[in-house]
Amino acid sequence: MSSEVVSFNWSCKHTWKRSAKNTAWCLLGCAIGDLGTILFFQLTKIPFPMLGIMTLAIINGLITSIILETIILLRQNLNFSKAFKTALGMSFISMISMEIAMNVTDVILTGGAILNWWVVPIMLIVGFLTPWPYNYWRL
């Protein structure tokens, strides 16, 4: 029995560009639900525990990301069932890592569930960079 060593190439510029585009779409979907939830609680001042808000933000970010990716796939002529299953399966690990990274960044920098002009760009950058290598590897 021979053992085959598989080497992986991390230097393909085309794959980095494609994975960056996919990661950006995922980030947009996640950010809509995540930041929207945090902003809702921040503006309405509804008394709710910070951990509860962050949990809802993660769940809503996952939901909006799946919806956005499903719509993108539908526009590429996939039927709804195939588009939904693909959106759910192809990047769920990416979405979860993105959501956790964004919310941990928020907690570290603001104490959690607080959006302001300087924290949002940092959350988005961290949210993008965290799953990007995984998305490259998947492609």
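1. In this predicted model, helix α1 supplies the largest share of the lining of the largest pocket, namely five residues. The lining of the largest pocket comprises 15 residues. Those that lie nearest the centre of the pocket are R18, N22, E69, M90 and L139. Two or more lining residues come from each of α1 (13-44), α2 (50-74) and α6 (132-138). The volume of the largest pocket is about 440 Å³.

2. D106 deserves a separate entry. The residue sits in helix α4, which covers residues 92-110. D106 is buried, yet no salt bridge is found for it. K45 is the nearest side chain of opposite charge, and it is 15 Å away. A salt bridge would need a side-chain nitrogen of Lys or Arg within 4 Å of a carboxyl oxygen of Asp or Glu.

3. What lies 2.9 Å from a polar atom of the D106 side chain? It is the backbone nitrogen of A113.

4. V120 belongs to helix α5, residues 119-129. Its relative accessible area is 22%, so V120 is classed as partly exposed. The cut-off for buried is under 20%. Not counting residues up to four places away in sequence, V120 touches L35 and L115.

5. On separation: V120 and K85 are 35 residues apart in sequence. From C-alpha to C-alpha, V120 and K85 are 30 Å apart in space.

Definitions and conventions. Residues are numbered from 1 along each chain as its sequence is written. This is a predicted model: local features need pLDDT of at least 70, side-chain atom pairs count only at pLDDT 80 or more; totals for chains, interfaces and linings use all residues. Side-chain values use heavy atoms; hydrogens and water are left out. Helices (H or I, at least four residues) and strands (E, at least two) are DSSP runs, numbered from the N terminus. Buried means under 20% relative accessible area, exposed over 50%, partly exposed in between (1.4 Å probe, protein chains only). Lys and Arg count as positive and Asp and Glu as negative; His and the chain ends are not counted. A polar contact is a pair of N or O atoms within 3.5 Å; within protein, one must be able to donate a hydrogen and the other to accept it, and residues adjacent in sequence count only if both atoms are side-chain atoms. On a 1 Å grid over the protein atoms alone, a cavity is a set of points where a 1.4 Å probe fits but cannot get out, and a pocket is an open set with protein on both sides within 12 Å along at least five of seven lines; lining residues have an atom within 4 Å of a point. Grid points are joined across faces, edges and corners, and a volume is the space filled by probe spheres set on the points. Contact means heavy atoms within 4.5 Å.
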